Amino acid sequence: MNAKKPKTVTLKFIETTDIHGMFFPVNYTTGKPINGSMARVSSYIKAQRATFGDNLILIDNGDILQGQPSNYYWNYIDTQDENIAASVTNYLRYDVQGFGNHDIETGHQCYDKWISEVKCPIIAANMVNAATGQPYTQPYKIIEREGVKIAILGMITPAIPNWLSENIWSGLRFEDMLSSTRHWVKVIKEEEKPDLIIGLFHSGLKGGIETNEYDENATLAIAQRVHGLDVIFYGHDHLANCGFIRQYEEKTDDNPFYFVTKDDSSSSPVSLSKTDSVLIVNPANNAQRVGDVTITLTMANGKVTGKKISGQLIPMKSMPIDEDYMNFFADDIRRLQSYASKQIGTFQTSISMEDAFFGSSAFMDLIHNLQLKITDADISLAAPLTMRATINAGQVTIADMFSLYRYENKLFVVKMTGKEIKNHLEMSYALWTNQMKSANDHIMLVNETGNERNGALKNFLGFFDSAAGIDYTVDVTKPEGQKVNILRMSNGQPFEADKWYKVAINSYRVNGGGELLTKGAGIPKEEVQSRIIYRSELDMRHYFTEEIQKQGTINPKPNNNWRFIPEDLAALAIQRDRELLFSKK
């Protein structure tokens, strides 16, 4: 029998990730048109399907259930109909979908319903059912095209217990990504014998939370150290990236050079593989881009004899809005617009988050004062959740509440001593401010090259807790740990280091976000939960909305309870850094 004639198979992979509810070409929080959205992605997919047909494999990498009023409406208001995130996925005919941490944030009732509604498998090998020890959903998906067998392996960042209350992910555990990927790649190779192994990882490139048990952002480590993966599609960190990563040799008796892991006792040098590399692709967030990967395989006698891989990021800005898509979702869009535009109160003055980075501000203090009002706590701690949120004077709508508070965090009250509160703030301002030595220095800790997620700020703005209920100064000439001077309670009573206070704070912080309560305040991690004396049933935005409806008309003003000193030095630096952070609008 003659051998089969060699053939070439070309596969096209398109990745979306961190969509955060940008399903339509309008940001329903601001009411403004956007350059991305799934309405433009739909046009791109149509064009690529016309060329590649069934050889186009469409994948999403998670964080699709949270971020916009569209998410909130179908997650928590209209819970009977199919979730809009499932409807979009099904309309576009995705082949596979991953889990993101913000998908888990919605709670079992929401994400379990979503899993049942999505027509493609949702995969996460390291999200494990604690009762059975098996993955909660499929660990991987096998796809076959023209005799090519493709395995797509899902992973989710395991840092979820550091952000979310256990009741949200009850019955689950999240395993370290590096060891889990090694295990599942081995399983896939032995049991499936695929021609391609693709990673679908909701985990950033590197950094973030690192513990003895796991790393939040493990993509780079896996790309360097786990052999067998051809492409890793990743997300989570909202930083666009596309390129090849050279792999380190595995440790063997013949090759003692290897990449050091946390549990390795040796500090041997590393050795680069001469041939192996893996493509990593992250189109970032909000459907502003897609990841586009082309894999061309040469096949002979049913075996892959050659493999060529290339990748690029495709901006969606120039893509037309798909009118068929918009017509299909027309009724959903009308319902969403009606919900987002509902008036809940009136503001007598405009507020901007921009002011919150440089002192007591009307925007942040509205959040603080609402937290104190709702909980009757002594002190409030809270951080900015976005750089440029603004709510204008006049009618305030449901949409404005998503500018006021971006996430579905719960509102907690915890017991803290005065000393712990001061230490918490010391860590916050150490992440936030520079130690100035002259008027020419920055007041903020900045990285002037900047990035998409955090602008020119060096550290994540969600860690910049300020306080209400106390009067204090922050001396920007002092070193870390010596910046904050708490003068008194804002009601005039003395502030005491040894006294216990009721502190209003969000669930993200209580569950470990930023580690300000543990590394900062010095509360042992195992003790934090016992300090909780109140936790809200619903999210903070819900209660903020209720309180604004009760008050009707609000005139937000800064509490003026804290400031940077020395004021003459700080004023010049604030002017310069305000321009650095906010001049590019």
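1. Lysine 499, leaving aside its neighbours within four places in sequence, is in contact (heavy atoms within 4.5 Å) with Met416, Thr417 and Gly418. Lysine 499 and methionine 416 lie 83 residues apart in sequence, yet their C-alpha atoms are 8.3 Å apart in space. Lysine 499 sits in the loop between strand 27 (484–489) and strand 28 (500–506), where helices (H or I, at least four residues) and strands (E, at least two) are DSSP runs numbered from the N terminus. Its relative accessible area is 35%, so lysine 499 counts as partly exposed, a class lying between buried, under 20%, and exposed, over 50% (1.4 Å probe, protein chains only).

2. The model is a predicted one, in which local features need pLDDT of at least 70 and side-chain atom pairs count only at pLDDT 80 or more, while totals for chains, interfaces and linings use all residues. Residues are numbered from 1 along each chain as its sequence is written, and side-chain values use heavy atoms, with hydrogens and water left out.

3. Serine 70 belongs to helix 2 (residues 69–77) and, with a relative accessible area of 1%, is buried. The side chain of serine 70 reaches the backbone oxygen of glycine 21 at 3.1 Å. Beyond its neighbours within four places in sequence, serine 70 is in contact with Gly21, Phe23, Ile84 and Leu336.

4. Helix 6 (residues 177–191) has 15 residues and reaches 20 Å from its first C-alpha to its last, close to the 21 Å expected at 1.5 Å a residue, the expected span being 1.5 Å times one less than the number of residues. At its N-terminal end, aspartate 176 caps helix 6, with a side-chain oxygen 3.3 Å from the backbone nitrogen of leucine 178. Just after helix 6, lysine 193 takes a positive phi of about 50°.

5. Among the buried residues of helix 6 are Met177, Leu178, Trp184 and Ile188. The buried residues of this helix pack against strand 8 (140–145), strand 9 (148–156), strand 11 (196–202) and helix 7 (219–225).

6. The axes of helix 10 (residues 362–375) and helix 15 (residues 540–551) come within 10 Å and cross at roughly 90°, the axes being lines fitted to C-alpha atoms, for helices over the stretch in contact, with angles from 0 to 180 degrees between N-to-C directions. Helix 10 is therefore roughly perpendicular to helix 15, a term for angles of 65 to 115 degrees. Ile367, Leu370, Gln371, Lys373 and Ile374 in helix 10 meet Met540, Tyr543, Phe544, Glu547 and Gln551 in helix 15.

Notes:
Parallel < 35°, antiparallel > 145°, perpendicular 65-115°, else oblique. Polar contact = N/O pair within 3.5 Å; in protein donor to acceptor, adjacent residues only side chain to side chain.
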